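The sequence and structure come next.

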Amino acid sequence: MASHSDTLVVFFGATAGANGGKLGSDEREIILLVWQIVDLHEKKVGKLHKCFVKPDTLELTDQCKEETGLTLEDIVDAEPLDKVLEQIQQSVSSEVKCLGRSSYTLLVNGPHVIRQALHPEASKKNLVLPECFFSFVDLRKEFLKCCPNASSVPKLTLSSMLDYVGLPAVSEQMIGVREANSMVQLTLCILDEPYNHKFCCAETVNSKFDSGTCSKTESVDSETVIRARGLPWQSSDQDIARFFKGLNIAKGGVALCLNAQGRRNGEALVRFINAEHRDLALERHKHHMGSRYIEVYKATGEEFLKIAGGTSNEVAQFLSKENQVIIRMRGLPFTATTQEVLSFLGPESPVTDGAEGLLFVKYPDGRPTGDAFVLFSCEEYAQNALKKHKQILGKRYIELFRSTAAEVQQVLNRYMSTPLISTLPPSPIVPLPVLSTPPFLPTASSTRDCVRLRGLPYTAGIEDILEFMGDHTVDIKTHGVHMVLNQQGRPSGDAFIQMKSPDKAFLVAQKCHKKTMKDRYVEVFQCSTEEMSIVLMGGTLNRSGLSPPPCKLPCLSPPTAYAAFPTSPAILSEAALYQPPLLAAPRGPQTAVHSPAHALAYYPPQPHLYMNMNMNYTAYYPSPPVSPSTVGYFAAPPGAMAAAVAAQAHPVAAPAHPAAASSVLPQPGALVRMQGLPYNTGVKDILSFFQGYQYGPDEYSGLVQMNEQARSLIQPKEWLCL
């Protein structure tokens, strides 16, 4: 629609639910549309038209009945929305033509009727809107242009604007007619002296979402970003854009979030063109996408860049082709070639530019991950490719689903940032201390200044917890709300909250215990920071007391002899906490060093073995760090030096009982844990499995003893010394 129209069409709408400033916030359907033409050149007004609309659900809220005065009898015999819109277009076009004008633009009092009501409803009903509904002029903004001092008016309504220019309020009581007459009077007023206003700038509604790339160096305004939660896992960026239909999303402004396994976690970050559209998007909190309701929260530009930003030239070149449909392939054989993938897709779904439209995801050392992204020039080709979902390539079935430019960036960033053993610096002689507590957890103490919430609804978020606590939220420490997730990354129903003092924690436990949240009562207990840290690291806290997390168990922790060596206060880097599983390389023959005073067990002095802490992870809203099993590298000092220093620092008398000495495996050696062994596994089977690895006679005797003990377990788990 032309920005310099010679005719305005005053347009008003009402829904079966909330109206006014909350129009469209409750997903109710449109039940009334009113329009009237204003000739900008002759300053004449056409006939006022009023048309009822029949919704799919014949139901009016009490608020709607009170505000509009309408009843079900008024709308039961009306036409559906598509017929009414067609009638409006024909009526307006005919009237504009009779006036001898060539173009027209809608004039509305606020963007809600167009952006929050008309476009979302048309999208849900798969209606194709006429072109005239994709541009409009906002009377409030135009009024502020010609009356800048009116910005001091507390609430800019039609009545207050009429009062500001000295016009009386319209006395008409009928809904729609009153608003249309008020808008017409105000429009004629600002067209005349002394304002002489020109309506020259129309707002537009994007008809489609444009995909694109985002650089990590790009500046993103935090006032334009939201987080959508609860999305179906198969949702694409186009599906999310459709959910926000009527609002303009920035180019490439949809970033789907992935979990630790590289799969979508039902969340997305969406970037809009300005703060006004972001605020309108927040009003769609708990609107529905199909049968699922979607939660919408504020987010930051940093979070968006973390997900959508990229620096790879290869990805930038791959995504430089615009208006392409992106399909992600997962589960490819590691030996799959470009030609095999193209043959798998077939001639009915040709890839854009052949091999150049196919991007394999690889680790930094060039090893394939089994993922790939494919570009298609049109929707038809992409649909043909999706029909091959779970078909066989080689000996593996391949998953295919829609993807986005942001997901390409995120997947490449995830795999390419995975450090390799070969890139790590040589391990120093002085070992790093064990990271017993992640850096994001508070220092453990016995002070009971925390509370534990148990029995939370699985859909509960941070906002629900804050609402649950009521006035006590002012006593929560900064970043003091910790949502506990299970090993699958889903809510466990527990949360910990750090309070400013033990007295505040006691008060919360007394006031909020068994208080209801979403039809469920929640138990609230006072606890200490130490107890909270243990649970957040994977331990348990129940009526029988505290059970330490796996990383606290003696069989997993490096020996206390490490305390004999001076350690720097260095903390393991974030990269060291996200390593892929690696196998220990075979060791060459080593001379065993024995200390009669104290038997020691160390990790080998090369970074090929690591400790798997099996730690649960904690969500920090609004961007939870998805932490897989925590991994750390621990280098061991030379055996002779370790034994000598330990003997000096911790003189221990020889044990009275032989079993006491055999409870600690001798130096040198490395512990390896085996899970899933057959119940009839014997020592010979295990030794045969580790054929080619070196072990000493002492280690063999330890293996025999441990294997005999394991036979009595329901689920055998052995620790072997290699």
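## Aromatic pairs

The structure holds five aromatic pairs. Rings of Phe, Tyr and Trp (its six-membered ring) pair if their centres lie within 6.5 Å; planes under 30 degrees apart are stacked, over 60 edge-to-face, the rest tilted. Trp233 lies in the loop between β9 (225–229) and α8 (237–243), and Phe401 in strand β19 (residues 396–402), 168 residues apart. Phe401 has 7% relative accessibility, so Phe401 counts as buried.

Phe244 and Phe272 also pair edge-to-face, because their centres are 5.4 Å apart and their planes at 80°. Both are buried. Phe243, Phe244 and Phe272 form one aromatic cluster.

## Model and conventions

This is a predicted model: local features need pLDDT of at least 70, side-chain atom pairs count only at pLDDT 80 or more, and totals for chains, interfaces and linings use all residues. Residues are numbered from 1 along each chain as its sequence is written, and side-chain values use heavy atoms, without hydrogens or water.

## Burial

Of the chain's 722 residues, 49% are buried. Buried means under 20% relative accessible area, exposed over 50%, partly exposed in between (1.4 Å probe, protein chains only). Helix α10 (residues 301–308) is mostly covered, with six of its eight residues buried. Among them are Phe304, Leu305 and Ile307. Helices (H or I, at least four residues) and strands (E, at least two) are DSSP runs, numbered from the N terminus. The chain has 21 helices and 31 strands.
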